[in-house]
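Please read them with the structure open beside you.

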Amino acid sequence: MRIYIVVGSDARVLVGWSQAENFDCLAVEQDARLYKGDIAETDFAEVDAWLHAHKLERMFEACYLPVVEDVVARRTYVRTLFAGLSNFYDGEINKSVNATCYDTLLQGISRMTGHLPRHVLDFGCGPGTVLSSEVPRLVQHLKGFDFASSNRALASERGLGVLTPEQLEALPNDSFDAILSAFVLHYETLSPSDIATLGRVLKKGGIWAGNFHKDWGMDWFKGSLLKCACHWQLDWAPSPYGQLVFARRLA
Ligand SMILES: C[S@@+](CC[C@H](N)C(=O)[O-])C[C@H]1O[C@@H](n2cnc3c(N)ncnc32)[C@H](O)[C@@H]1O
């Protein structure tokens, strides 16, 4: 089975691990590196325990990230993972789960507002998974954004209109009726300035909907929105994809 591990310079845990000899380095960003390797399925439990003991957390499937408090380091690790994973991502996830999550988020927004949103941003679009959901058929204007440039390139190749960081920054206020974040928020990578930008480009009364895989990151999200200049009302709902949040921008 395939396994992906991000390591930072301060966590050189793969050194000294005999199995790591055959690993390929897929991506390097600052001091973070993504390694891809194959292990025997029967070794998985042992390898998982070993990585866990070395402060590497399994995020999904067999993808591991260093456990760190520092948000800047975490952003680098997460971006390194997804930058290197772009071409393999579809093979590692069950796409229909993510697509159904998108549909559930959109349905939740429609239920709350009484109508489908027209202008929608997919924040954390990955390589364009939203294209496998009903969302592109149901909304009039859909844009994607991802902080991994390789994901932006792949999503755009597949037909999703994708914004660069500069284009996202330059958008006028109140550009979107809704923002969707599927399997993104639990990574806790959004900086205060990301959140301020999303608050600014979301219309007053608009909704930012996302899921918290394994219910991770909910307190971080609540705290981050409290610190933001916009005011939000949060509604929560359980789902097979972890808790869903529907954050309505009040002001
Ligand atoms: C698990 S993938 C989900 C991708 C897609 N939404 C899906 O459901 O398949 C998480 C995505 O969020 C992106 N991401 C994480 N933190 C981000 C941030 N702060 N800004 C932009 N993109 C981010 C990652 O690069 C990655 O593509």
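1. Helices (H or I, at least four residues) and strands (E, at least two) are DSSP runs, numbered from the N terminus. Residues are numbered from 1 along each chain as its sequence is written. The model is predicted, so local features need pLDDT of at least 70 and side-chain atom pairs count only at pLDDT 80 or more, while totals for chains, interfaces and linings use all residues.

2. Two loop residues deserve a look. Asp215 is found in the loop between β9 and α8 (218-227), and Lys55 lies in the loop between α1 (44-53) and β4 (56-60). Most residues other than glycine have a negative phi. Asp215 is not a glycine, yet has a positive phi of about 65°; for Lys55, also not a glycine, phi is positive at about 60°.

3. Are these two residues buried or exposed? A residue is buried if 20 or more other C-beta atoms lie within 10 Å of its own, exposed if 12 or fewer, and partly exposed in between, with C-beta atoms placed from the backbone. Asp215 is exposed because it has 11 other C-beta atoms within 10 Å. Lys55 has 13 within 10 Å, so it is partly exposed.

4. The chain is divided into domain 1 (2-92) and domain 2 (95-249); such bounds come from an automatic or database domain assignment. The domain centres, taken over C-alpha atoms, are 26 Å apart. In the contact between them, domain 1 supplies 10 residues and domain 2 supplies 12 residues. Here two residues are in contact if their C-beta atoms, placed from the backbone, lie within 7 Å.

5. Strand β1 (residues 2-7) is mostly covered, with five of its six residues buried. Two strands pair if DSSP finds at least two bridges between them. β1 runs antiparallel to strand β3 (residues 32-38), joined by six bridges, and Val7 stands opposite Arg33 in β3. β1 is also joined to β5 by two bridges, and these strands run parallel.

6. Cys63 is in strand β5 (residues 63-66). The bridge partner of Tyr4 is Cys63. Leaving aside neighbours within four places in sequence, Cys63 is in contact with Tyr4 and Leu81. Cys63 counts as buried because it has 22 C-beta neighbours inside 10 Å.

7. Which order do the strands of the six-stranded open sheet follow? The order is β7-β6-β8-β9-β11-β10, with mixed pairing. Strands β7 (141-145) and β10 (232-237) form the edges, each pairing on one side only. Strand β6 (residues 119-123) runs parallel to strand β8 (residues 176-181), with three bridges joining them. Within this pair, Val120 stands opposite Ala178 in β8.

8. The largest nonpolar core has 63 residues, and those with the most contacts inside it are Val6, Leu81, Ile179, Leu180 and Ala209. A nonpolar core is a set of buried Ala, Val, Leu, Ile, Met, Phe, Trp, Tyr and Cys residues joined through C-beta atoms within 7 Å. Helix α2 (residues 71-92) gives the largest share of this core, seven residues. At least three core residues come from each of domain 1 and domain 2. Not counting residues up to four places away in sequence, Leu180 touches Tyr102, Leu105, Leu106, Val120, Asp122 and Ala209. In soluble globular proteins, nonpolar side chains tend to be buried together.
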